Amino acid sequence: MSTIERGGADAASAQSQDSDHGLAEFGYGATLERSIGKFASFAAGVSYISILTGTFQLFYFGFGSGGPAYWWSWPAVFVGQFMVALCFAELAANYPVAGSVYNWAKRLAGPTVSWLAGWMMFTASVVTLAAVVLAVQVTLPKIWPGFQLWGDGTGPLDFGISAVAWGALLILFTTLVNAFGVGLMAKINSVGVFIELVAAVLLIGALAWNAVHPPTVLFETNGLGDGVSGGYLGAFVLASIASAYVMYGFDTASSLGEETVDPRRTAPTAILRAVTASFVIGGLILLFGILAAPDLADPELGTSSGGLQLIVLQVLGGPMGIVFLLAILVAVVVCALAVHTAGIRLMFAMARDNALPGGRVLARIHPRFKTPVVPAVVIGVVATAILVVNIGTPEIFTAVTSVAVIMIYLAYLLVTVPLLVKRLRGQWPRPDRPRGFFTLGRWGLPVNLVAVVWGAAMALNLAWPREDVYGSGVLRWIAFLFIGAVAVAGLVWFRLKGRHQLGTLPEHAAPNPADVP
């Protein structure tokens, strides 16, 4: 993409003419604290994707479904998601405001589509937070059995009860951090991401040093797909879900746009760097994890109790393996923090438009901490309640959290599809766009087209009623049932009541120029 235009000569003048960073165009006044720098913005996107959390949580599914050759799904998913990220980077340069997906869709398609995009993304964020904190229970007992807070881990309720306890503690932590202001959140998140990146690089080096297989094993399928309709292609498409479940959330950097310094430059760069860094580092971890595995035919590699954690412990030994598991724990914490933060900004963005019940309360900014506190508490309470479902009915919890990823892909489509329509009508790039910032230029149409086709195809792949993913019976159809119920319930409220009360709340409205002395 070397020919992508970035502008240049008029950048300085564009900056001076854009002192409100595009807020006035939306009718908003500056009510949030603008203090996030370049690395903190980048860290927000990286921590949501969370390379260590995602690769370690989902390696077993990808490997168990596609064998060593599943690795190729990682670059395949990256290509598709990078097309989406390029579209988002261009939008971030035009509209660097909180609740990115919601506000982008509002400018591209109107109130109903934007509300649905925000509603889908917000619901998915709350469910995703519950799913992320569950990883604490997956990791801690492997470090020390005493971290199993209920039973010995073998009872039918042991995992679920202990997971709720640890998850609730982590959600309480992320709630308090977010309530005390974006500055504290950014510092903790940046430190956590730095630790995660250093640990990831060291892990790559350690696994590469202990590699025992040649790269040609990446073409081995372990016999998966043999004798089945569709052959290995069907197995590979199923395995690609493991990669698709990891590589999203890079829009978080733009969702913090109103709190970012020089957001029209910082946010687009942070989005692209976050998804690229995640691809490179995550891909190398998976690559050398496979090459270092002592026995690629070990069935434990395809189980949730084995997976990549098992390879690390087998290859690096107890003490060193424990150190890396601690790094994974840090990654889980900052991932939960980023997911919670993104959900808060989205809820705030919709609430200040009076697009949610109780909008005035939800959009209230704490006078001292300059952050929306009520959304932090509401999201924390709801996520903890969802976590309770995991006790006794883990199959339902797993199915619902899997569906949440689909909802995020759909929310992305509710942005990329209207953007494509605008391009086809000759209405994008908009003639009044700010000059000197990131733009796709003549590459915009093909990139946007690939982003839409990719997003639709992967959403369908994720939602397909597979017993391997969602379980048997009615759970196989939970993607269509749950998403349909969330969309219908939300749209009924919006069409009957919500749309009639839309409008920026007075306390968040841009000041009238006539009122400014």
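1. Rings of Phe, Tyr and Trp (its six-membered ring) pair if their centres lie within 6.5 Å; planes under 30 degrees apart count as stacked, over 60 as edge-to-face and the rest as tilted. Phe88, Trp104, Phe250 and Tyr412 form one aromatic cluster. By the pairing rule, the count comes to 21 aromatic pairs.

2. A word on the basis of these values. This is a predicted model, in which local features need pLDDT of at least 70 and side-chain atom pairs count only at pLDDT 80 or more, while totals for chains, interfaces and linings use all residues. Residues are numbered from 1 along each chain as its sequence is written, and side-chain values use heavy atoms, with hydrogens and water left out.

3. Take the pair Phe88 and Tyr412. The ring centres of Phe88 and Tyr412 are 4.9 Å apart and the planes stand at 90°, so the pair is edge-to-face. Phe88 is in helix H5 and Tyr412 in helix H16, 324 residues apart, and the pair links these distant parts of the chain. Helices are DSSP runs (H or I, at least four residues; strands are E, at least two), numbered from the N terminus. Phe88 is buried, at 0% relative accessible area. Tyr412 is buried too, at 3%. Buried means under 20% relative accessible area, exposed over 50%, and partly exposed in between (1.4 Å probe, protein chains only).

4. How many cavities of 30 Å³ or more does a search of the whole structure find? The search finds five. On a 1 Å grid over the protein atoms alone, a cavity is a set of points where a 1.4 Å probe fits but cannot get out; lining residues have an atom within 4 Å of a point. Grid points are joined across faces, edges and corners, and a volume is the space filled by probe spheres set on the points.

5. The largest cavity has a volume of about 70 Å³. Its lining is made of Tyr48, Gly99, Ser100, Val101, Met121, Ser125, Asp251, Ser255, Ala342, Gly343 and Leu346. Helix H6 (100-109), helix H7 (111-143) and helix H13 (307-351) are the elements that give two or more residues to this lining. H13 gives the most, with three residues. By class, the lining has five nonpolar, five polar and one charged residues. Here Ala, Val, Leu, Ile, Met, Phe, Trp, Tyr, Cys and Pro count as nonpolar, Asp, Glu, Lys and Arg as charged, and the others, Gly among them, as polar.

6. The second largest cavity holds about 40 Å³ of space. Gln81, Val84, Tyr409, Tyr412, Leu413, Thr416, Ala451, Trp454 and Gly455 line it. Two or more residues of the lining come from each of helix H5 (73-94), helix H16 (394-424) and H17. H16 gives the most, with four residues. The lining divides into six nonpolar, three polar and no charged residues.

7. Asn448 is in helix H17 (residues 444-463). Is Asn448 buried or exposed? Asn448 is buried, with a relative accessible area of 0%. Leaving out residues up to four places away in sequence, Asn448 touches Cys87, Thr416, Leu419, Leu420 and Arg423. Contact means heavy atoms within 4.5 Å.

8. The charged end of Arg352 sits over the ring of Tyr28, 3.6 Å from its centre. The rule asks for NZ of Lys or CZ of Arg within 6 Å of the ring centre and within 35 degrees of the ring normal.

9. Now the backbone. The peptide bond from Trp428 to Pro429 is cis, with omega near 0°. Pro429 lies in the loop between H16 and H17. Ser50 has phi near 50°, a positive value in a residue other than glycine. Ser50 is in the loop between helix H3 (38-49) and helix H4 (51-66), and counts as buried at 0% relative accessibility. Asn354 also has a positive phi, near 60°. Asn354 is in the loop between H13 and helix H14 (359-362), and counts as buried at 18% relative accessibility.

10. Two further residues. Val79 is in helix H5 and is partly exposed, at 47% relative accessible area. Ala186 is found in helix H9 (residues 182-209). Ala186 is buried, at 13% relative accessible area, and touches Ile36 and Ala40, not counting residues up to four places away in sequence.

Conventions: 1 Å grid on protein atoms, 1.4 Å probe; cavity = no way out; pocket = protein on both sides within 12 Å on 5 of 7 lines; lining within 4 Å.
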